[in-house]
Amino acid sequence: MDKYGLIGCPLGHSFSVGYFNEKFENEGIDARYINFEIPSIERLVQILDSTPSLRGLNVTIPYKEQVIPFLDSLSPEARAIGAVNVIRVTRKGSKTLLKGFNSDVIGFTKSIEPLLERHHRKALVLGTGGAAKAVDYGLKSLGLATRFVSRAKRADAFTYGELTPDIVREYNVIVNCTPLGMYPNADECPSLPYEAMDGHTLLYDLIYNPDETLFMQRGRERGAIVKNGLEMLLLQAFASWEFWNGKEQR
Ligand code: NAP
């Protein structure tokens, strides 16, 4: 039986284990998906040794960057973003080859692309973590100019205090890549001039719990198009499967 799994710590709630085991059952695939909660990334070697039928892994916090030195190769996206959340395991005789991919960028790009219109040329990326880097890469690949928004003063970013109504009208695609507004803190939202938003504004939240975050609600009340991160999550799971078994064997 083939095995797949997730490495990270802690793994309290994980979408992947439920999603993949249900997929295997529904599609009659003889495989199992396992959570590997590991206290340090060095344990990856042990997992590979003790699970010879392991075909692929997902990687979550805090190992998306730490795992890179353990890999034999990286996809161009993973290399550019500096983070890996999917690993394909290939065994050749006594050799084990590991290739790292980034599914955040694919999940995000595929889900925002249908919402983009000609007047969407510039985007604000809220946050500067791993997901923000993937979103920034994805938006640029779709032809948008981007700017990060950070709590810290940085050369390549606005601070929240610097955001004026004019900036929000110019950068009319805004993607929330911070944890602000995620359950149970649903009464929080990024500090933005929401009053400057209108029907030209597109707000995308990587959060999917609650369904509609306060960020989305405040934009929608001004006429903005809004979308949450659920489709991105599902597309990422689909992309993982493709990296492990599909045509995308780059
Ligand atoms: P992360 O590494 O923790 O980064 C979050 C960023 O948000 C930080 O770099 C920080 O940027 C900013 N931030 C953190 N706390 C903040 C606060 N209290 N106020 C304002 N800004 C704050 O997290 P991540 O892995 O990039 O993920 C970000 C979010 O995306 C999470 O909610 C995650 O669940 C979600 N996500 C969803 C999907 C999906 O498929 N839908 C995929 C990946 C991630 P500054 O320090 O520069 O302000």
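**Ground rules.** I am working with a predicted model, in which local features need pLDDT of at least 70 and side-chain atom pairs count only at pLDDT 80 or more, while totals for chains, interfaces and linings use all residues. Residues are numbered from 1 along each chain as its sequence is written, and side-chain values use heavy atoms, with hydrogens and water left out.

**The ligand.** I looked up which residues surround the ligand, and found 20, of which the closest are T128, S150, R151, L206 and Q236; a residue counts here if one of its heavy atoms lies within 4 Å of the molecule. I then went through polar contacts, meaning pairs of N or O atoms within 3.5 Å; within protein, one must be able to donate a hydrogen and the other to accept it, and residues adjacent in sequence count only if both atoms are side-chain atoms. A ligand oxygen is 2.6 Å from an N or O atom in the side chain of T128. Taken alone the ligand exposes 920 Å², and the protein buries 74% of that (areas by the Shrake-Rupley method with a 1.4 Å probe).

Which elements give two or more residues to the shell around the ligand? They are α5 (130-141) and α8, and α8 gives the most, with 3 residues. Helices (H or I, at least four residues) and strands (E, at least two) are DSSP runs, numbered from the N terminus.

**W241, in helix α8.** Helix α8 covers residues 230-245 and includes W241. Is W241 buried or exposed? It counts as buried because its relative accessibility is 15%, where buried means under 20% relative accessible area, exposed over 50% and partly exposed in between, with a 1.4 Å probe and protein chains only. Not counting residues up to four places away in sequence, W241 touches Y4, F20, K23, F24, I29 and G246, contact being heavy atoms within 4.5 Å.

**Helix α4 and S111.** I next checked α4 (residues 103-112), which is mostly covered, with 9 of its 10 residues buried. At its start, a side-chain oxygen of N102 reaches to within 2.9 Å of the backbone nitrogen of D104. S111, a residue of this helix, is buried because its relative accessibility is 1%. The S111 side chain reaches the backbone oxygen of G107 at 3.2 Å. Beyond its neighbours within four places in sequence, S111 is in contact with Y204, K227, E231, M232 and L235.

**R147, in strand β8.** R147 lies in β8 (residues 145-150), and at 26% relative accessibility I recorded R147 as partly exposed. Leaving aside neighbours within four places in sequence, its contacts are A123, L124, V125, A155, D156, A157, F158 and Y171.

**Two cis peptide bonds.** Most peptide bonds are trans. I found a cis bond joining C9 and P10, with omega about -5°, and P10 lies in the loop between β1 (2-8) and α1 (15-26). Another cis bond joins Y183 and P184, with omega about 5°, and P184 lies in the loop between β10 (173-176) and β11 (202-205).
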